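Here's a quick briefing for anyone meeting this structure for the first time. Have a look at the model, then read on.

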Amino acid sequence: MKFSLEWLGEFVDTAAAGGAAGVRPALDRAGFPVEFTEGEGARTVFDVEITPNRPDAMSHRGLAREIAAVASIPMRVPDSLKAESGARVEELASVTIEVPRLCRRFGARVVSGVSPAQAPERVRARLAAIGAKPISAAVDATNYVMWEIGQPLHAFDLDRLAGRRIVVRKARRGEKLVTLDGIERALEASDIVVADAERAVSLAGVMGGLDTAVTAATKNVLLEAAWWDPPSIRRTSRRLGLHTDASHRFERGADPEAIPEALDRAAGILTEAAGGALAPGFLDARGAAWKTRRAFLRLSRLRLLAGDESLDLEFAAEALARLGFVLGRKSKRRLAVAVPSWRPDVAIEDDLVEEVLRIHGYDRLPSRLPPASRPGGHLEPMRVVEERLTDEAIAAGLLETMNAPFVNRQANEGPYAAWLAAAGGASSSVSLKNPLDAERRDLRSTLLPELLETVARNVHRGERDVALFEVGRVFDRAGDPAEPASFESRRFAFALSGEYHAHWSASGAKARVDFFDAKGIAERLIRPWADPNGLAWRPFSCEAFAEGATALAETAEGETLGIVGLVSRSERERLKLTEDVFAAELRVEAIPAGRAMRFEPYSSFPPIEADLSFAHEKSRGWAEIRAIVEAAKPVALESVRLLDRYEGPGVTPGRVKTTIRLVFRSPSRTLEQEAVNAEVRRVGDELAGRLGVTFG
């Protein structure tokens, strides 16, 4: 974009900044590199590269503000308002906003009794210097103000507005508009238009309409300035292939607070050139309110990012004030500021650091790396848990897979509703407004559906033995939109099908995978943090899993940890799987923080193993049996584990036969078999008395 040095002098003393030779390096230092210059002295014109995130710098005043801040010189505020006379503006026109979120503010002023004329010589000369073609007093006034303070405007012939009324609305179906370039445009319902009482008269934020354009015959002019929703303007401009100076600015974000001043400046230029009476007051229609953005700057953060311990908050406050930030409360360690309305690019603390360093000068920062207090590490503690889970799963012979997080919650996750509820998930899904696939517009609440689809793809392509896992985020929380991470939780899931071997190097033949393989892997995964014997497993009913072959795991504190089970026939039919698939999912956040590790020396004396078989009611689980054995406190008992659980021929219906292994060992002597047998009988008596088990 081109900028005139003489025009910049309207807002800042360019001579005090060093003239053309001083302004150019000041702009470079502020982050606005000058591509080249034209002319000499006061007639110098700079061609400046403006990044898309800085719409405020797309005007002479905005660029002058940067020069003043870098050069530490004051800004000038030119007078703009002219004398007013005649009927008040409210008596001459009206404005209504029907789309308050797309037009947050619409201002208008009326100049009556104008005559055909050219703009003042200084206006035409400044526009010509930057390559803009002077046209007429009204049009030049709007262009001049846009290039001066950055607010685009439009001039209407007030007498050609039906009902002398302005209505900001969406375009109607089939509506057309002939724009100022003489081309008839077919409008869509997503387009914003400025209309009168009868039809659309301007394509909002892009280009005005030909029917209501100011001509040599115009006597009464309505000047308008507004704030338009950037995405809407961008969408309309691209669809029509119509890129204008106005749309270029509105697409990036205009300043709603500049509207009154822009109208005053344009009205003053118009009355100076074409005469007429400026109606007292201005129409100020408001849509949805905008909030003043606030941010905080900590001294520690400033010094950390700058790598310079010499920077202080006194300088930071001065630099931000020069750039137009309103200073708030300030302590020795923190500074609060209000972000000016013309800076849509500033939102967080690091943005404030960047502003301070631009004024300080990046070339003055030390060329050294900040000291590191330790070699690496994780900022997220849960990431360490996820990596350890991954290592354990790989060691168990599973392969990692990754799936996209997009699902149809009703179709894909409906059968998992009971599990989602047990895991504390929200009843409603988190959905995308612009999904890549209209059939998958929801973010997943569990890893299992997509993981099982991956299993199915492998099986359908001839890979019958499948052992896969996935670790990732799910979106199952009723979070706060201001904190996107509050919608997330972390999960670890795996699935097994066909024959399973814990590792390629392990001895023994493969066997068909069963429930206990899946349960064993789940216990192995959490072993680094919690004793698997401390988990409580209870039967669980869920449509996606088979009844009687599914268990829910709870921690010692009673928190739901995970689910393990046989995938139900209905789910397997949906996935066209003919063989059994066992799946599990763990809630990573529910894994205990860790357990105290205590070293015990190994006993040099041999163990004695004793197997105990008994029949009992099917409803009695392993956790209950183990608790009774441990409560009996057998002398020298080292461990107890489940060997087998059988039901079928030879066992009474409704009962199962369980075999457990008791391992006895003394740290100080060799045990005698008779003593061990006595302890085993005592355990059997305890089980018979409390559970009603039968032996034989």
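Strands S17 (residues 326-330) and S18 (residues 334-338) pair up antiparallel over three bridges; strands here are DSSP E runs of at least two residues, and helices H or I runs of at least four, numbered from the N terminus, while pairing takes at least two DSSP bridges. This is a predicted model, where local features need pLDDT of at least 70 and side-chain atom pairs pLDDT 80 or more, while totals for chains, interfaces and linings use all residues. Residues are numbered from 1 along each chain as its sequence is written, and side-chain values use heavy atoms, with hydrogens and water left out.

**The hairpin**
- Three residues make the hairpin that joins S17 to S18.
- Lys-330 sits opposite Leu-335 of S18.

**Helix H13**
- Val-385, Glu-386, Leu-389, Thr-390, Glu-392 and Ala-393 of H13 are buried, meaning under 20% relative accessible area with a 1.4 Å probe, protein chains only.
- They're on the same side of H13, because they cover an arc of only 165° around the axis, taken from the directions from the axis to the C-beta atoms.
- Those buried residues pack against S19 (399-400), S22 (466-475), S23 (488-497) and helix H17 (515-526), with contact meaning heavy atoms within 4.5 Å.
- Just after H13, Gly-397 has a positive phi of about 95°.

Technical notes
Buried < 20%, exposed > 50% of the residue type's maximum accessible area, 1.4 Å probe, protein only.
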